[in-house]
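Hello! Here is the structure I promised to hand over to you. Have a look at it first, and then read on for my notes on what turned up.

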Amino acid sequence: MQYEVLCQPSFSLLEVALEPGEKIVAEAGAMAWMEGPVKTETSTRGGALAGLKRAVLSGESFFQNTYSAEGGPAKLGLAPGSAGDIVPYELQGNELFLERGAYLASTEGVRCDSKWEGLKGLFNEGLFILRVTGQGLLFFNGYGDVQEVQVDGQYTVDNGYAVAWEPSLQYRLTRARKIRSFLFADQLLLSFSGTGRIWVQSRSPVSLANWVYPFRPQKSSD
Amino acid sequence: MNVEILERGAFSSALVHLEPGEEFTSESGAMYRASANVDIDVTTRSFGKGGVLGGLKRMLAKESFFLSTYRVNDASPGEVALAPVHVGSVRQIDVVPDTPWICTGGSYLGSGPGLRIDTEFQGLKGLFTGESISFVKVSGSGPLLASAFGRIIEHDVEGELVVDTGHVVAFTEGLDYSISKVGASWIQSWLAGEGIVLRFSGLGKILVQSHNPSEFGGLLGPQLPER
């Protein structure tokens, strides 16, 4: 399967060229264009329970679409929900963890599952993250620039900025150290340890939403 | 200390490399990643009078005023990456002692330890719009990081330049400025959708941003449920 990430890095979009018989799975709603004989199958991939888990627990879509080229070559444009970068990652039987909303597309041999994050997830993006396993190509996306950081020892990432990380890394939730920080700043940090890679986005949708909040109309007091 | 501007398309950020013992300050919440040997201390350091209480007052005025200070706590080099909320550029300004800079509150991203940050004077209020603007004065010597909503256009002022308050990123202190209106009267100015503008005169530099965050907020806000 041939692919190209167009319009990198700020407005990235994935273009996939499928040979007859080739397939790509994508998040529902990601399809921007199709060219040639594309067959679309919408399914929960792995059954309703898997779909439900994916949707409710990990913030991805209940249904995933499988696109295949039938009888001739085809092309597909797949777009993430936000402006930013797309990262291709090759899975060779290993695992990768994705934060909510980071999954864009993958080839057929790649499976997505939810992973319980324990109570620390309450304070983080969510109680569950996405565990991606199998063999093939995975594409994930982030808001803003997506930077790959090689960790050897420890590394700190602000809550809400980690997009993906390798399972060889553990993380725990911390706060900035000083007491005053605890009282006044709402900065929760993810402290990663081990050896492996993290992908970090350079903007946060949550921060943007917080920024917009004061612009909302005020309820009239009646 | 070495400040690296990560210019990656529309979403710039800054990566500050710190040697042992060195520190850097930013608007609190700007850090998105850091090496583990960097201590983060959030304070109201040198941020106007009144310490915490004064700070709380400013927070109620919807202005983020907490500063984070990053310091390497061991003998190896460290790094801190800083980013603003919005899509746009980050610019490094090398401040020298005889030319302090003034940043608008929302544009200040971070500064080196040789720079003093004052927010003593702030709160220009538009008569009709309720639009307000706060300033951060940065003096001393060292790197200052300013962020913009969109791209930055640099103007050398010789004579006079009028800039809408929402488009001002930063300017050199040697410039005189006054609050002004665009039209002949305040009412006309308000009707024109240009609440308050700053009229600069003298010799100096101004960084202007291509987009006005308040205008953007004004577009989004009404689409959202009431708060």
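**Chain A at a glance**

Chain A has 222 residues, and 37% of them count as buried. Please keep in mind while reading that this is a predicted model. The chain is built from 4 helices and 15 strands. If you look at contacts in chain A between residues at least 6 apart in sequence, 76% of them join residues at least 24 apart.

How confident is the predictor in chain A? The average pLDDT of the chain is 86, and 80% of the residues score at least 70. One stretch to treat with care is residues 179–185 of chain A, where the pLDDT is below 50. Beyond near neighbours in sequence, that stretch still has 15 contacts in the model.

**Where the two chains meet**

How many residues does each chain bring to the contact? Chain A gives 36 residues and chain B gives 33 residues. On the side of chain A that touches chain B, the elements with two or more residues are strand S12 (146–158), helix H3 (179–184), strand S15 (188–201) and helix H4 (205–212). S12(A) supplies the largest share of that side, with 7 residues. Sorted by kind, the residues on this side of chain A are 17 nonpolar, 11 polar and 8 charged.

**A closer look at B:Ala34**

B:Ala34 belongs to strand S4 of chain B. Is this residue buried or exposed? B:Ala34 counts as buried because it has 23 C-beta neighbours inside 10 Å, and the cut-off for buried is 20 or more. Leaving out residues up to four places away in sequence, B:Ala34 touches A:Thr156, B:Tyr70, B:Glu79, B:Val80 and B:Ala81. For a sense of distance, B:Ala34 and B:Gly204 are 170 residues apart in sequence, and their C-alpha atoms are 35 Å apart in space.

One of those contacts, B:Val80, leads on to the nonpolar core. The largest such core has 98 residues, and those with the most contacts inside it are A:Leu98, A:Leu104, B:Val80, B:Leu82 and B:Ala146. Strand S11 (residues 128–141) of chain A gives this core its largest share, 7 residues. B:Val80 itself touches B:Val16, B:Leu18, B:Phe24, B:Met31, B:Ala34, B:Val38 and B:Tyr70, again not counting residues up to four places away in sequence.

**A sheet in chain B**

Chain B holds an open sheet of 6 strands, in the order S5-S6-S3-S10-S14-S8, with antiparallel pairing. Which strands stand at its edges? They are strand S5 (38–43) and strand S8 (90–95) of chain B; each has a single partner strand, so one side of each is left without a neighbour in the sheet. On average, neighbouring strands of this sheet are turned by 20 degrees against each other, direction ignored.

**Two loops in chain A**

The loop between strand S1 (2–6) and strand S2 (13–18) of chain A includes A:Pro9. A cis peptide bond joins A:Gln8 and A:Pro9, with omega at about 0 degrees. A:Cys7 is also found in the loop between S1 and S2 of chain A. The phi of A:Cys7 is near 55 degrees, which is a positive value in a residue other than glycine. A:Cys7 is partly exposed, with 13 other C-beta atoms within 10 Å.

The other loop lies between strand S6 (64–69) and strand S7 (74–78) of chain A, and A:Gly71 is in it. A:Gly71 counts as exposed because it has 10 C-beta neighbours inside 10 Å, and the cut-off for exposed is 12 or fewer. Setting aside its neighbours within four places in sequence, A:Gly71 is in contact with A:Pro20 and A:Pro37. A:Gly71 and A:Ser204 are 133 residues apart along the chain, and their C-alpha atoms are separated by 43 Å.

Enjoy exploring!

Technical notes: Residues numbered from 1 in each chain as written. Chains lettered and ligands numbered in written order. Predicted model: local features only at pLDDT ≥ 70, side-chain atom pairs only at ≥ 80, totals over all residues. Contact = placed C-beta atoms within 7 Å. Nonpolar A, V, L, I, M, F, W, Y, C, P; charged D, E, K, R; others polar. Pairing = 2+ DSSP bridges. Axes fitted to C-alpha atoms, helices over the stretch in contact; angles between N-to-C directions. Core = buried A, V, L, I, M, F, W, Y, C linked by C-beta atoms within 7 Å. pLDDT = per-residue confidence, 0-100.
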